[in-house]
Amino acid sequence: MPSTHLSLHYHLVFSTKNREPWLAPTARQRVHEYIGGTIRNMNGIAHAVGGTGDQEEYVAMLQRGMVEYDDRYLW
């Protein structure tokens, strides 16, 4: 019996304006917890959450249909 498996993994990177390091370690921890919770609330799995004072990176798996497509952001 044939079946289809769909696995959507996303690597998201956010940086501060002008790459200025304004994310203190305590604030960074709260941001990581918030983003991880948001991904979990979307029934996703946060594989990696981390970053530095000027950049945040997330690797997550989200279910199909949870991510909205908007072609205005295509270049």
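1. Two strands are taken to pair if DSSP finds at least two bridges between them, and the elements themselves are DSSP runs numbered from the N terminus, with helices (H or I) of at least four residues and strands (E) of at least two. The model is a predicted one, in which local features need pLDDT of at least 70 and side-chain atom pairs count only at pLDDT 80 or more, while totals for chains, interfaces and linings use all residues. Residues are numbered from 1 along each chain as its sequence is written, and side-chain values use heavy atoms, with hydrogens and water left out.

2. The protein chain has one helix and three strands, and from the N terminus on its elements run β-α-β-β. The three strands form an open sheet in the order β1-β3-β2, with antiparallel pairing. β1 and β2 stand at the edges with a single partner strand each, so one side of each is left without a neighbour in the sheet. The twist from one strand to the next averages 10°, where axes are lines fitted to C-alpha atoms (for helices, over the stretch in contact) and angles run from 0 to 180 degrees between N-to-C directions.

3. As background to the pairing, strands of a sheet pair through backbone hydrogen bonds, either parallel or antiparallel. Here strand β2 (residues 45-51) and strand β3 (residues 55-62) run antiparallel and are joined by six bridges; the two form a hairpin with three residues between them.

4. How well does the span of α1 agree with the number of its residues? At 1.5 Å a residue, the 17 residues of α1 should span 24 Å, and the end C-alpha atoms are 24 Å apart, which agrees; the expected span is 1.5 Å times one less than the number of residues.

5. Which residues of α1 are buried? They are R28, H32, G36, G37 and I39, where buried means under 20% relative accessible area, exposed over 50% and partly exposed in between, with a 1.4 Å probe and protein chains only. Seen down the axis of α1, these buried residues fall within an arc of 170°, so they line one face of the helix; the arc is that of the directions from the helix axis to the C-beta atoms. On the other side of α1, T26, R30, Y34 and N41 are exposed.

6. What covers the buried residues of α1 includes β2 and β3, contact being defined as heavy atoms within 4.5 Å. Q29 is placed in helix α1 and, at 43% relative accessibility, counts as partly exposed. Q29 and G51 are 22 residues apart in sequence, with their C-alpha atoms 9.7 Å apart in space.

7. T16 deserves a separate look. This residue is placed in the loop between β1 (8-15) and α1 (25-41), and T16 is buried, with a relative accessible area of 8%. A polar atom of the T16 side chain lies 2.6 Å from the backbone oxygen of E20. Leaving aside neighbours within four places in sequence, T16 is in contact with W22, L23, G53 and D54. T16 and G53 are 37 residues apart along the chain, and their C-alpha atoms are separated by 8.4 Å.

8. Most residues other than glycine have a negative phi, and most peptide bonds are trans. N18 has a phi near 60°, a positive value in a residue other than glycine; N18 is found in the loop between β1 and α1 and, at 61% relative accessibility, counts as exposed. N43 likewise has a positive phi near 60°; N43 lies in the loop between α1 and β2 and counts as exposed at 51% relative accessibility.

9. Two totals describe the chain as a whole. Buried residues make up 21% of the 75 residues in the protein chain. Among contacts between residues at least 6 apart in sequence, 61% join residues at least 24 apart.

Note on methods. Polar contact = N/O pair within 3.5 Å; in protein donor to acceptor, adjacent residues only side chain to side chain.
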